[in-house]
Amino acid sequence: MSINKYPAQSAIDFIDGTLVKQIPAIQRIDGKDRSKAHLFELGGGGKQFAVIVGDKNKDTGKFGIQQTRILLETQPVELPDVTAFEPSDFYNGSRIANQSDSRLAAPKQFSVMVGSETGLRRLLEWYANAPAETEAIAAPHINKFAAQQNTEEFEMKPEATNTILYGPPGTGKTFATADRAVMLCDGKVPATRKELMARYEELRLEKRIWFVTFHQSFGYEEFVEGLRPHVNTAGQVAYSVRAGVFREACDAARLRQLIKPGLTGRPLKERTIWKMSLGFSRSDEGTKVFQYCLKNQCLLLGWGDELDFSECNDEASIRTYIEAEAPKTEKIASQAKFVDLFKHDLKVGDLVIIPSGNSSFRAIAEVTGDYEYVEDAPFHQMRSVKWLAVFETGKDVFEILEKKFTMRTLYKLNSTSLKVEELSKLLLVEAEEVSVQPHVLIIDEINRANISKVFGELITLLEPDKREGEPNAITLKLPYSGDDFSVPSNLHLVGTMNTADRSIALLDTALRRRFEFEELAPDSSTLMGSTVEGVDLVQLLTSLNQRIESLFDRDHRIGHAFFMGVKDLKGLEIVFRRKVIPLLQEYFYENWSNVRRALNDYGSGDFVVSTKLAQLPPDGEDSFSDEPRVVYRVNEAPFPVTAYQRIYGGN
């Protein structure tokens, strides 16, 4: 596997200047400079790592190794732009804090090569959260932690993260959200971009990753919940409360916490299995009923309306009761039949499969309680259950049944058409799944919307200690639906922010306090080795950004992504003509003089041509100025190589 050239000196500067602020656990050991390596630890007495730098050049003051090599105490996972080697004996055998050389404390070290700033950040973020493979090594609290890991009472629970990736355009912020989301969900990322995006799509379809882009018209109704028009069964326009993407993501993250997999008691082949509909699966009512049943560990039957059948002992008595108490009820015979099945025929220990239409199913439950009447619920006939499995995207009915479901609300499934072995395997797989899985909501261009309007009162709930199950958990009542709402602790938020659109300083203070900010700056090292017909792209981008920062500010630099994939002079000209120069025009508000200064394009101009317009005769007014007017336009002729070279070669 090839890897970009990324000098060790650049890695050291990046750690000292940026990563120590973004990953607070990083600390230097025994000063800044050491022989042949720089040493760090995570969290004061925790895991350690070393950056191999080689000998310092007496003339330049720089370290000699031109490829960043890092030693870790934990076996690294597969990460893009990071190449792992066999366990290293390069620095075996002594404690880091007691030696004059640069050795790690662990008996085994793992050597990795890093090819860019992005790869280095990704590696150290993973390393900061990775479980240690070494024995407890230093401070007493580390020994105590290691002892706790071997007890059943201790459980590592990752804290929910709210992160905003910010930087100028073209620095790969949206690009980086994919591997950030997969890393949060899986704890590792595949080695290649193709594999990464395939896994990302799998997680998206499983509704563990959500993506939304904010814009000026985006509001609370789209993000949390709001009234939405739809055509009802009578063909009329009606309004109902619809969940927004944030509430849907919260519901999905909470889902597995409501599941208690694993059968109790009798084996599957000895149980009666039913099909039962919970409202219309694709309707607002059906969604509301299903969510209520999941949250309250129950099944609700829509037949029977608001009548309490606790004193009825059979179908006949149920029918008599309906005729007496609600004689205008439609389909009384069907009402009595389904209430009787639900109350008397459905037994504790039976399994119930919840369909999603006729050709798929979305959940499996085990009945755990007898009939009850409930007042405060979407429907009032209730049976307690234990949810064995919930499938957010649904499962094909033919996985467990030889034919499609029928439209009847509740009926026993024919044992001859059931695939008992397949159903058993499905339940076994669910029992082995992790009960709480990380979920991620990606908010692209988070600064383009009115944050106060979009989040509303829910901004308080984003803080990790205000999430469900945390010491200071808060629940609010939503204004449209009136439902109680809280944010699950396993939902991570990852936002992106283009600083050319809006500075961090202008963001809502409440938002800034609840998010961590991670800068993605232009990284010219990603273009290392890229020379286009005599034009060094690394020097070009570096010098161009220095000139922009001198004329404007660092928030308006140009990202490396603009130049990724440039193979020849024609491609470079397209980037400058269609992207870089129009962006500079916007940055400098059509001040062409500053555009030319940023491009070091003086005189007649290779990028931007200036022309003096001929004077028009005066009209006799005193306000007339005899100063010639200068107009600018982008040069229509091909840009010469010297124009690009002058950006980084001239004064």
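## Starting at strand S20

Asn-162 sits opposite Leu-493 in S20. Asn-162 belongs to a stretch, strand S7 (residues 162–167), that is joined to S20 by six bridges, and the two run parallel. Strands here are DSSP runs of E with at least two residues, helices are runs of H or I with at least four, and both are numbered from the N terminus. Two strands count as paired if DSSP finds at least two bridges between them.

Leu-493 in S20 also has Leu-441 standing opposite. Strand S17 (residues 439–444) runs parallel to S20 and is joined to it by five bridges.

How many residues of S20 (residues 491–498) are buried? Eight of the eight are, so the strand is largely enclosed by the rest of the structure. Buried means under 20% relative accessible area, exposed means over 50%, and partly exposed lies in between (1.4 Å probe, protein chains only). In a regular strand, side chains alternate between the two faces of the sheet. On one side of S20 are Leu-491, Leu-493, Gly-495 and Met-497, and on the other His-492, Val-494, Thr-496 and Asn-498, all buried.

## What you're looking at

This is a predicted model: local features need pLDDT of at least 70 and side-chain atom pairs count only at pLDDT 80 or more, while totals for chains, interfaces and linings use all residues. Residues are numbered from 1 along each chain as its sequence is written, and side-chain values use heavy atoms, with hydrogens and water left out.

The chain has 17 helices and 25 strands. Of its 651 residues, 47% are buried.

## An open sheet

Another group of six strands makes an open sheet with mixed pairing, in the order S12-S15-S14-S13-S11-S16. Strand S12 (298–301) and strand S16 (410–412) are at the edges with a single partner strand each, so one side of each has no neighbour in the sheet.

Inside this sheet, strand S14 (residues 360–373) pairs with strand S15 (residues 381–396) in the antiparallel sense, over 10 bridges. Ala-365, for instance, has Trp-387 in S15 as its bridge partner.

## Some helices

Helix H7 (residues 245–255) is mostly covered, with 10 of its 11 residues buried. Among them are Val-245, Phe-246, Cys-250 and Leu-255.

Now for a pair: the axes of helix H9 (residues 315–325) and helix H10 (residues 332–345) come within 9 Å and cross at roughly 130°. Axes are lines fitted to C-alpha atoms, for helices over the stretch in contact, and angles run from 0 to 180 degrees between N-to-C directions. Contact means heavy atoms within 4.5 Å. Residues making this contact include Ile-318 and Ile-322 of H9 and Ala-336 and Val-339 of H10.
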